[in-house]
Amino acid sequence: MNTRIFEALSTRLGEYWWTPGGLEPSMNSYLNPNLHQDVGVYTQELAVTVPEPVHVRKGIFSELHSKVSEAGIPVTATHFDLQREMLWMGNYTGHVKSFLGPTMAHYSSFQVHATDAIRHIQSLDTGVLFLSECNLRCYTRGGLVMFDYRMEEGADMHSLLMTDNMLLMGGLQNYVVEIDMNTLQETQKFRVEAPGVTIMRQTNRFFVFGHPSGKVTLRDLRTFRTQKFDAFPGGLSDFDVHGNLLAVSGFSSRGLNERFLMVYDLRMMRAATPLWVHVDPFFVRFLPTYTSRLAIISQTGECQFCEPTGLANMADIFHVNTNGHFLTSFEVSSSKQALAFGDSGGCVRLWSDTRDVMFNVYSREPCVVDAQPQLAWNHNLQPCSPIPTAQATPIFFPVCCLQVPANKEESPGYYNHIPESPTESDEEPLLHTVPEKYRKVTIKYSKRGREDFDFKHYNRTLFAGLEPQIPNAYCNCMIQVLYFLEPVRCLVQNHLCHKEFCLACELGFLFHMLDLSQGDPCQASNFLRALRNVPEAKEMGLILSNCEETTGTVELGRLIQRWNHFILYQLFQETQEQEDPRAYRTTRSSSLGSSGDSVIRELFCSEVENRSPCLCGIETVYSSLMLLFNMHYPNSQGESEKRIKEHDFAEILKKSICLQQRSHTWCGNCDKYQPTVQTRNIRRLPDVLVINCEVNSSKEAEFWKVQAEYAFNKSMQKTDQDQRHVWIPATLKMSLSKSQRLEISSWPEGWFYAAEQAEGASLYDLVATVPHILDAGAGGNLVAHIKVGETYHQRKEGVSRQQWYLFNDFLIEPIEQTEAAQFDVSWKVPAILCYAKRNYHTKYDLRSEFQHNQSEVKSDLYRTQKQSKTDATFIPLTVSEMPQAGDLVGLDAEFVKLSEEEAVLHSDGTKSTITPSQMSVARITCVRGQGPNEGVPFIDDYISTQEQVVDYLTKYSGIEPGDLDATVSSKHVTTLKSTYLKLRFLIDAGVRFVGHGLQNDFRVINLVVPKDQVIDTVHLFRLPYKRMISLKFLAWYFLGLNIQGETHDSTEDSCTALKLYRKYLELYQEGGNHYVMKVLYEVYDKGFQLNWKVPDSDMR
């Protein structure tokens, strides 16, 4: 309950209220001296001592722990965190504290408001909301301010209510404010009865508002009609709602607690028999486990459990020992296993019916750090103090500070608290060491799917992320790396071939989406579909099963390195098979493709010479191409007890490139395999040097860690920059001497290199790193650090600059260059490094022209030859019907299901989607939007698939088994690539697509269409913040058509959408936007009346 309600409605509580001047005299007589016994030195850690151990009996609530935050200052709000095992409390002076788990260990403590009391607390995924009289503030769980929203003058807020991405705020004024949490803007105000609203609850059907006058108002979420109950004449103290039951407690006209609850049946909208109880009800909460049990709490600490439709039993009463104080707040955890009580003496008590209590069914681990040591003032840090002190004073580190080793002398480096191995240690890596932005991100699905998810919260840039909730999306990080290598991007965007599952083509289509997107995430589903159909990918183990992805048992570091080798080789093969000689030319005007060379070869291939001398004196020499190099580390066998020696990264890289290894090689002279030492020498350097780090065991991880410590100790003597966990240099100087010997060295930043370049040396800058993030709680993930060049910023932002970014699926965040090179192997293990020759892209023609193969697409659209029987569902365009900019095209797509969704059913009956069902496009139809043949399809393609379909969704798609099999189908079956190119041609021509729910269609098809080329009837016929109306209902209401009978048909749906758009234009021309809104209100009234079902007979 809120403090203002206490002041207004409870005269008894007013006697024991706290004021800024101190404790009221009437309150002092109730203070229990035992409360302050056995209190530690740390005054903020006051705890109520329990004389005897508490034995919790299963099913019977008992006190587990209690803590005093600030003695004598009333607790005004308590809240169980909905995402983490934490309990929050706020007090009368605006201070808040949080406690961890059933032991109530202190987590954070900070001041939210200087003077006003905390009236309501609400946890979010990213932070916690705190409501005071005229402020709404959001803080991280560690105490950092995220935003501060001030109310208008005179506001007196009391309660919050979260609904999807909307927040309702109510108080002692005649309105309830709705705030969009994505934009932090007020969207609308609901008028309520004076004097206002102090309590708000929600069910699946109603908003329920409690008024200080004693009334309860229900607002229907569908019809927005209201229903009022006059519960108590003297005012409300509390109410709760569960299912179809509403239970209300309140006061008589004389201001005394009534010893009964008003119970209402929301199905019949009438009062049931009042529930008489044996305590003075001040707080009421449902505890729905097996039954709809009610917890009824009095201010003096008496608690009673009973059924809302039964009789209260005296045996169900227990007592909270408040030490003479009054209860001022009460909260129930989402798991219904824990109760929290706050009192006027500043104490918070945790009760539970089980020792192993969980606040939530599923919780994320909080960011917890190890306990910090107490450092004596004679510690080495004493000289750093700006103020000399005569006496030794103990230093206490705050709760949320960095880890410090207990004894620096025990370890060779300051940061020697890293686990031995990132992949094979017996102890799991500490979850709290993983920063939030590096953790695996997931899309939270609401009833409307992903539409309510706030992607902008994770990406404030204009670059596009990639969605992770599709099979084999582990390679998203490397897709981004390839995209930001501009010659690769241009190469694949200009590449087009007839091969159905060509990864170069699909990458080109995907990169085109990333080009067009303005910060919205894209799906790589078509590319991953092609990847699953490449036999070599399956042979290399790159296609994960559903079990492997969900259990997180795959070693992602090794997997992405294999994928890296595969994709470079695949692009090399596919682009060499069919490459346009005009696509890339060097500044010397020689074609890279004219003599068998390819762009991939020029970019990534190193020419190496391999020598294998035999014992007989014959030396075998052969040349080969290397697309990338694997790191090889010194063999430390026999030196396990010694410290690892210091090595320069350039030295290790040189030995990895010019590798010497023992092997058995066939000797033609000896006619048998002979032992030999094989030596590899490089003869040509690539433009982009790709390195697989091969940190796959504890030995390699330890080597990286120790080398980073050596580098850090050196950097402390040269620079003030934070170089912790950095071993790799930002720039390498590489050259081939006249004797063809490779020379590699680190190059300091800012050094002039023209003279070195004249000698044949080249500078290679770090442009991308891909680390494997070890997160035991989430199963681990892969991210990329990428240095985004000037041309990308110029296209997206209109400015020329370079900037490093973190790409974690759809999370994109700018970072410093040092962070890209930091690898704390306890949680961040290097997998792939990319160095690019400085100014390497200047010798490439970086124009992207997707026009050279459009003649084939046109011929497919304008077929004039005699149609076969399978083409009877559409008529191809004629030459005179060539699409022009602004032409209307009706479009609809049907889909089949390749996998079922994975969801979790919570104890309260709600469902959370973990992984959505995987959909595949099965049919695409385009109809003419004008001309004599308006409404006639010119594309009606059924998309063939080699993947297993788990559900054809025939009722909604009209697709029957066999329709997608080209060998038996009577439909016009074609490849997805063929239909995709037709749609790309229409988009480039500037046509405007008309359809119903096109956003989802384009997303699954993998198309980004400019907004001015999309006319979606689902938005044209929708009121703001109201439900979307089905095409079937709109067709019945406006057109008198009864569509989608037994099954859906994409031709019928696309034609109907065109007709609805024409109808919308008529309504707009008749009375403008005001008239359209008036008609839509009538549509919604009719829809609510019919429950949005189309009647059998004409009832319009």
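Okay, a definition to start: two strands count as paired if DSSP finds at least two bridges between them. Keep that in your head, and keep in mind too that this is a predicted model.

So, first example. Strand E40, residues 784-788, and strand E41 pair over 5 bridges, and they do it in the antiparallel sense. If you want a spot to look at, find His-785, which stands opposite Leu-806 in E41.

Now let's stay with E41, which covers residues 803-808. Is this strand mostly covered or mostly open? Mostly covered: 5 of its 6 residues are buried.

Strand E42, residues 811-815, runs antiparallel to E41, with 5 bridges joining the two. Here you can look for Tyr-805, sitting opposite Pro-814 in E42. E41 and E42 make a hairpin, and there are 2 residues between them. Check out Asp-809 in that turn: its phi is positive, about 55°.

Okay, over to the helices. H4 is residues 476-483 and H6 is residues 503-516. Their axes are 11 Å apart, and the two helices pack at an angle of about 80°. Anything from 65 to 115 degrees counts as roughly perpendicular, so that's what we call H4 and H6.

Which residues in H4 meet H6? On the H4 side you've got Ile-479, Gln-480, Leu-482 and Tyr-483. Over on H6, they meet Leu-507, Leu-510, Phe-511, Leu-514 and Asp-515. Sort that contact by class and you get 7 nonpolar residues, 1 polar and 1 charged.

That's my bit, thanks!

How values were computed
Residues numbered from 1 in each chain as written. Predicted model: local features only at pLDDT ≥ 70, side-chain atom pairs only at ≥ 80, totals over all residues. Heavy atoms only, no water. Axes fitted to C-alpha atoms, helices over the stretch in contact; angles between N-to-C directions. Helix = DSSP H or I, 4+ residues; strand = E, 2+ residues; numbered from the N terminus. Parallel < 35°, antiparallel > 145°, perpendicular 65-115°, else oblique. Contact = heavy atoms within 4.5 Å. Nonpolar A, V, L, I, M, F, W, Y, C, P; charged D, E, K, R; others polar. Buried < 20%, exposed > 50% of the residue type's maximum accessible area, 1.4 Å probe, protein only.
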